[in-house]
Structures are given as C-alpha cells and as structure tokens.
Amino acid sequence: MYRVDRNNFYDAQKRATVYTPPGVSRFVFDLVAPKIERTKPVLDPCVGAGALLLPFDQNGFDTVGIDIEKQGFPGTRIANYLAMEKGKLATPSLVIMNPPFNIDDKTKAYVKAHYGGRPLLPEVWLQKAIALFGREVPMVLFTPYGLRLNQCEDSARWQKFVSGVYPEISSIISLPKNIFDGVLFHSEILLFNIAGLSGHYFYRDAGGASPTPPLSPLSQ
C-alpha cells in the first residue's frame, strides 16, 4: 500500500490511477449538484474511468472528461490538460478532479519544467483550473492533507491561500485513509466557490442517501 513517506512519484514510479469509489462519487454529487448551474457542463480534467462524472451523467448533466489516455470514460478527450491554453475550453459549471497519485514519465517531465521543484500534484491541477477558468469557478478537489495543513507561515502555498491567489474553501469532506482500493493514504476533498454548504462533512456510505450535515457543538 502507498504510505505518505513512500508515495513520491519523483523517486519511485507507481500506478497513477486510483479509482474513486462509487459511494464517494455519489456523496459529492448529492452535495454539489443542487448548487451548480445545469446550463454548463461538468468537467473532470483527469477523468480516468469516469466515476466522478457518472452520477452527473445519470442525472442529466452535460459532462466533459479529459485524460492523457482512454481509461474507460466514453468520449474521453485525449489531451494533456496541463498544457491546454486559456480559451480552448468553455468555462464549466464545476471542475471536479481526483488528480493522479503518480504520473507517467512524460507528464512528470512537463510538471517539472513548468511548475518547478517537486510540486504536490493536486496543487498543480488546482493552479491549472484557476489559470484556465479563473479563481471563481466552482471546484471539487481530492487532495492529501498536505495541501492545506502543516505549512509554515512564509511558505508559498500558505501565502497563496491567505492572500487570495487561491479561492476560499467552501467546505471540506474528510475521508478515511483506506477509502481508495489498495491505498493507505491521508486524503480529503476540498470544495471551492460552492455556496450553501456546511463547512465540514465526514464521508459516510449511506447506501445512496444524501449526506447528513455535521452536528453543531451543542447538539446531543
């Protein structure tokens, strides 16, 4: 299993695709679908097999999936999302993304050349969504805790959050660390620019039932 200290795609190549469980996809859909426009498509720029888009497809939303190779989502647009230019894609109603845990050598070279150092991959995907669509676009981002936590005050990432380069976080979904098949890894889901949500949810597989808002401190 992947662990935090071993999951470094620069030092050791591992499988890139970690599939989103259907229950998680449905949990996210139930939260965000009532909050976004239906007149624009939902975009997954690392679509894989399409698990995140499936509930939207099943409920009449237009969807667009991009990936560097076909992995099962019908109509996948084969492209390097990170190399796309602004204006080539219409602004979606939602960008939803579970970026790869690791990347192939070609994409790795592109990331190093254009983003420098050893960046956290979800941050790269976040930066690209902002570059393409602006900081106001609604977004759902699967990421390790490290994107948000354990930062020094003078770190570039901390400063991007506190200075407004990155949008404010609307809500956080906490995930169990064994939520992904074959992976033991600390992760969460950050939701940006989606009004009307509670600040935090614990994921629960409720058999298709809608997510339950967290209890207030005074609730029994």
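## Strands and how they pair

Two strands pair if DSSP finds at least two bridges between them. Strands (E, at least two residues) and helices (H or I, at least four) are DSSP runs, numbered from the N terminus. Welcome to this predicted model, in which local features need pLDDT of at least 70, side-chain atom pairs count only at pLDDT 80 or more, and totals for chains, interfaces and linings use all residues. Residues are numbered from 1 along each chain as its sequence is written, and side-chain values use heavy atoms, with hydrogens and water left out.

## The sheet

Let's start with the sheet, which is open and built from 8 strands. Their order is E3-E2-E1-E4-E5-E7-E6-E8, with mixed pairing. Strand E3 (77-78) and E8 sit at the edges, each pairing on one side only. Helix H4 (residues 121-133) packs on this sheet and touches strand E1 (42-44), E4, E5 and E7. The direction of H4 makes about 160° with that of E5; axes are lines fitted to C-alpha atoms, for helices over the stretch in contact, and angles run from 0 to 180 degrees between N-to-C directions.

E6 and E7 run antiparallel and are joined by 5 bridges, while E6 and strand E8 (residues 200-202) run parallel, with 3 bridges. Ile172 faces Leu190 in E7 and has His200 as its bridge partner in E8. For Ile173, the bridge partner in E8 is Tyr201.

## Two nonpolar cores

A nonpolar core is a set of buried Ala, Val, Leu, Ile, Met, Phe, Trp, Tyr and Cys residues joined through side-chain atoms within 4.5 Å. Buried means under 20% relative accessible area, exposed over 50%, and partly exposed in between (1.4 Å probe, protein chains only). The largest core here has 31 residues, and Phe56, Val140 and Ile173 have the most contacts inside it. Helix H1 (22-32), strand E4 (94-97), strand E5 (139-144) and strand E7 (187-192) each give two or more residues to this core, and H1 provides the largest share, 6 residues. A second, separate core has 28 residues, including Cys46, Ile66, Leu126 and Tyr166.

Beyond its neighbours within four places in sequence, Val140 is in contact (heavy atoms within 4.5 Å) with residues including Val28, Leu94, Ile96 and Leu191.

## A buried serine

Ser93 lies in the loop between E3 and E4. Why does Ser93 count as buried? Because its relative accessibility is 3%. Leaving out residues up to four places away in sequence, Ser93 touches Ile36, Glu37, Lys40, Pro41, Val42 and Pro138.
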